[in-house]
Amino acid sequence: MTTHALDAQSLKEKKRSWVLRNRFLLLRRSTQLLVLALFLAGPWAGIWIVKGTLTSSMTLNILPLSDPFLLLQTMVTGHWPELTGLIGLAIVVVSYAVFGGRLYCSWVCPMNVVTDSANWLHRKLDLKKGWQPKKHTRYWVLAMTLLVAAGSGSLAYELVNPVTLLHRGLVFGMGFAWAAVLMVFLFDTFVSRHGWCGHLCPMGAVYGLLNTKSLLRVSAKNREACDDCMDCFEVCPENHVISPALRGKGDDTPLIQHRDCTSCGRCIDVCDLDVFSFTHRFDTQLIQPTSIEPGPRDPVATKAMGGHK
């Protein structure tokens, strides 16, 4: 066995602990619970740190935050938001445009827990990938929701928006929200893997647009060490964003620059060879090539993931 092969085998045998393989997942869940706790503290305990919901809130009676998707719908109905709403919109748009639009999807949105759970069950049941809408479908859904709002003069989509229903339900009581949550869970489990967040959610489309030039990026800096185990493709909710960075050659940037990346950190979690890391969009330098040569692709894993190349 060659030295390169021995090095690769040695690293693969040093599996991370469960905590290390889930550290960013645990951080995301903690963040989502903290956000929910801040909203629940008022109605449940009378401690009004945050008033409102994820669509429109006021923190400590000072900081307004407004969801850009809701404000877009409001504007096309012909109703101009109040100054507080516009200030809240500006704060949210600038923050996510700078730090990463789809951070909202993986670190804040309560539906992320539902869709991640559905994906976990999908993999445990070893189900096929299922129906996969075109990658731009969510933008067509976004356009349709705005057209409906403009035509009806109302926030019609918010009556069925699973994200809005779930968060309001958790704060004020579930009611019909259970049905919306269950539908998304069943859809992602049995119909389309990562279907809701990955292909349909118009709110995710808005935050994806804000993610176009954001600073926070995941980088496959150590891509020379990749042994094609496909673990990153398996756990990534938007796995089409990985290939350009991971499979790049020569001067191709190792940065994942696609706006669909949610910066969830799952690829960093599961990679025992430390291929991925968080960085910023101006960090285009690769780590010096390691002594590990990429191993042969696992045909079983490749087939299971739909033949990524």
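The largest pocket is lined by 40 residues, of which N119, W120, R123, E234 and V235 lie nearest its centre. The model is a predicted one, in which local features need pLDDT of at least 70 and side-chain atom pairs count only at pLDDT 80 or more, whereas totals for chains, interfaces and linings use all residues. Residues are numbered from 1 along each chain as its sequence is written, and side-chain values use heavy atoms, with hydrogens and water left out.

A pocket is an open set of points on a 1 Å grid over the protein atoms alone, where a 1.4 Å probe fits and protein lies on both sides within 12 Å along at least five of seven lines; lining residues have an atom within 4 Å of a point. The space in the largest pocket is about 900 Å³, a volume being the space filled by probe spheres set on the points. At least two lining residues are supplied by each of α2 (23–45), α5 (103–108), α6 (111–124), α10 (195–200), α12 (231–235) and α14 (266–270). Helix α6 gives the largest share, ten residues. Helices (H or I, at least four residues) and strands (E, at least two) are DSSP runs, numbered from the N terminus. By class, this lining holds 13 nonpolar, eleven polar and 16 charged residues; Ala, Val, Leu, Ile, Met, Phe, Trp, Tyr, Cys and Pro count as nonpolar, Asp, Glu, Lys and Arg as charged, and the others, Gly among them, as polar.

The second largest pocket contains about 460 Å³ of space. Of its 21 lining residues, V35, L54, L65, Y96 and V108 lie nearest the centre. Helices α2, α4 (83–99) and α5 and strands β2 (56–59) and β3 (63–66) each supply at least two residues of this lining, with the largest share, five residues, coming from α2. The lining comprises 15 nonpolar residues, five polar and one charged.

Helices α3 (residues 68–76) and α11 (residues 202–210) pack at an angle of about 105°, and their axes are 9 Å apart. The two helices are therefore roughly perpendicular to each other, a term that covers angles of 65 to 115 degrees. In this packing, P68, F69 and L72 of α3 meet P202, M203, V206, Y207 and L210 of α11. The contact residues are eight nonpolar, no polar and no charged.

Overall, the protein chain contains 15 helices and five strands. Of its 309 residues, 50% count as buried (under 20% relative accessible area, with a 1.4 Å probe and protein chains only).

Methods. Axes are lines fitted to C-alpha atoms, for helices over the stretch in contact, and angles run from 0 to 180 degrees between N-to-C directions. Angles under 35 degrees count as roughly parallel, over 145 as roughly antiparallel, 65 to 115 as roughly perpendicular and the rest as oblique. Contact means heavy atoms within 4.5 Å.
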